[in-house]
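User: Hi! I have a new model open and would like to talk it through with you. Could you help me find my way around?

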Amino acid sequence: MPNQTFFLVSLPNSISPSGDRDEALTTLRSAVQTDNGTTFPFAIPSFKIGTLDALVQQADDLAKLDQGCKGVVDKVADSLKGLLDGDEEKLQEQKVVNDKPVENYLSSFQWNKVKYRADKPISELADTLQKEIAAVDNDVKAKFNQYTQTKTALAQLQRSTTGNLSQKSLTAVVNPDSILKPNDSEYLQQHLIAVPTTLVKDFLKSYETLCEMVVPRSAELLAKDDEFQLWAVTVFKKHSAEFVHKCREHRWTPRDMKFNEGGREAEEQELRKLEKEERRVWGEALRLGRTGYSDAVMAWIHVLSLRVFVETVLRYGLPLAYVCGIVKTDSKKAKKAKASLDARFSDIGGNAMSKDKKGRPTKDDSSIAQDLASTGLGGDQGYEPYVFYEFEIV
């Protein structure tokens with residue numbers, strides 16, 4: 001299924017003969033055939049307009065903030081995907097904005113006048129949005145890191161109860177009273193070694209000569225499964241480290257002599273506790289991911305609205321008389337939709353947009369166009385003959 005693609009387009013009201021805003025919107029809507037996209041009005045408030053230098057700086061700052069917002073939206077979406085094991089149907093249920101699909105939010109977008117008062121300077125609004133998107137990023141990252149740690153701890157504990165003798169807890173396998181504990185002898189130490197079944201013959205032939213001071217015939221079979229056998233071998237303490245090292249060289253796995261108080265029952269209780277904790281943190285991560293996705297998308301669209309406004313002022317001048325629309329298309333039809341817009345409105349670009357012999361618009365690589373693009377104007381597609389931003393929301 002092709003990804004949904006959106007165009008934010010701002011044009012002067014002069015695209016209609018009467019200069020009327022409603023007629024200009026109709027002209028914009030008619031530029032893209034319904035087979036290639038659907039155009040909706042996109043209302044942007046009138047903000048405080050500062051000096052030309054300030055607007056140019058704001059255009060540059062907003063371009064960077066735009067990319068930052070996109071990055072956070074992508075990261076939150078990716079985190080949700082991992083949490084839901086890539087289940088696309090469940091993922092779409094969580095990737096909503098204000099509890100409605102993204103395209104519905106965009107097609108009926110309204111500037112949040114309560115959170116972002118239009119009478120505040122653009123630089124202050126951008127700063128507020130930057131702090132909000134950073135807070136979303138930090139909160140979601142922290143919660144998903146907590147879930148990852150909990151999930152990892154649970155997986156390790158599950159392996160310790162269900163794995164083979166080289167991994168699993170030995171609490172239910174070995175009776176601690178039947179082996180020599182580290183403090184039971186001043187000179188001797190008993191080591192537990194998990195030996196692959198295919199290497200047992202080699203082990204029995206060579207363990208006594210791995211290093212000095214291995215007690216002869218001390219190997220005692222304690223347990224076995226389909227893959228490993230667990231043996232206890234007694235060594236003089238001063239050669240214990242060398243013995244363990246030599247075991248690893250032979251691909252035998254030394255096991256730590258750690259036994260939980262309470263035995264198997266305590267381990268099962270800890271497992272149930274971690275399973276409950278994992279489910280709890282999973283639910284918290286899902287809720288925060290859903291909220292974070294919604295907040296990040298809303299912040300991003302408000303940043304894009306500011307970009308459109310600033311560029312509209314720089315492009316078309318004062319007094320402001322423009323119409324803004326959002327075109328909903330998809331990745332397959334986007335090229336045709338954009339070509340339709342260019343064919344209809346390329347003359348707005350003046351000298352910055354040249355045409356070929358057949359009158360079709362072609363992008364000019366003139367220094368003027370490059371300079372304008374370098375200020376943050378025209379989105380990431382380079383200089384356009386009109387205010388144009390293309391984006392996808394994953």
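User: Where does Asp85 lie?

Analyst: Asp85 is in the loop between α2 and α3, the latter covering 88–94. Keep in mind that this is a predicted model.

User: Thanks. Is Asp85 buried or exposed?

Analyst: Exposed: its relative accessible area is 68%, and the cut-off for that label is over 50%.

User: And what is its phi?

Analyst: Phi of Asp85 is near 55 degrees, which is positive in a residue other than glycine. Most residues other than glycine have a negative phi.

User: What does Pro216 touch?

Analyst: Leaving out residues up to four places away in sequence, Pro216 touches Tyr207 and Glu208.

User: While we're on prolines, which peptide bond is cis?

Analyst: The bond from Leu318 to Pro319 is cis, with omega near -5 degrees. Pro319 sits in the loop between α8 and β9. As background, most peptide bonds are trans.

User: Handy. Let's switch to the sheet: what is the strand order in the open sheet of 4 strands?

Analyst: The order is β2-β9-β1-β12, with antiparallel pairing. At the edges stand β2 (38–41) and β12 (387–391); each has a single partner strand, so one side of each has no neighbour in the sheet. From one strand to the next, the twist averages 20 degrees.

User: How many bridges join β1 and β9?

Analyst: There are 9 bridges, in the antiparallel sense, between β1 (residues 4–12) and β9 (residues 322–330). Leu8, for one, has Ile326 in β9 as its bridge partner.

User: Which helices pack on that sheet?

Analyst: Helix α1 (residues 21–31) packs on the sheet and touches β1, β2 and β9, with its direction making about 25 degrees with that of β9. Helix α9 (residues 334–345) packs on the sheet too, touching β1, β9 and β12, and its direction makes about 10 degrees with that of β1.

User: What does Ile301 touch?

Analyst: Ile301 touches Phe42, Tyr105, Leu106, Phe109, Phe391 and Ile393, again not counting residues up to four places away in sequence.

User: Good to know. Which residues of α7 are buried?

Analyst: In α7 (residues 240–249), Ser240, Phe243, Val244 and Cys247 are buried. Seen down the axis of α7, the buried residues fall within an arc of 95 degrees, so they line one face of the helix.

User: Why would that spacing put residues on one face?

Analyst: An α-helix has 3.6 residues a turn, so residues three or four places apart point the same way.

User: What do the buried residues of α7 pack against?

Analyst: They pack against β5 (188–196), β7 (228–236) and β8 (253–255). Just after α7, Arg251 takes a positive phi of about 65 degrees.

User: Last one: what do the totals for the protein chain look like?

Analyst: The protein chain has 10 helices and 12 strands. Of its 394 residues, 44% are buried. The accessible surface comes to about 21,200 Å², and 48% of that belongs to carbon and sulfur atoms. For contacts between residues at least 6 apart in sequence, 79% join residues at least 24 apart.

Methods
Residues are numbered from 1 along each chain as its sequence is written. This is a predicted model: local features need pLDDT of at least 70, side-chain atom pairs count only at pLDDT 80 or more; totals for chains, interfaces and linings use all residues. Side-chain values use heavy atoms; hydrogens and water are left out. Two strands pair if DSSP finds at least two bridges between them. Helices (H or I, at least four residues) and strands (E, at least two) are DSSP runs, numbered from the N terminus. Axes are lines fitted to C-alpha atoms, for helices over the stretch in contact, and angles run from 0 to 180 degrees between N-to-C directions. Contact means heavy atoms within 4.5 Å. Buried means under 20% relative accessible area, exposed over 50%, partly exposed in between (1.4 Å probe, protein chains only). Accessible areas come from the Shrake-Rupley method with a 1.4 Å probe; for residues, only the protein chains shown count as cover. The arc is that of the directions from the helix axis to the C-beta atoms.
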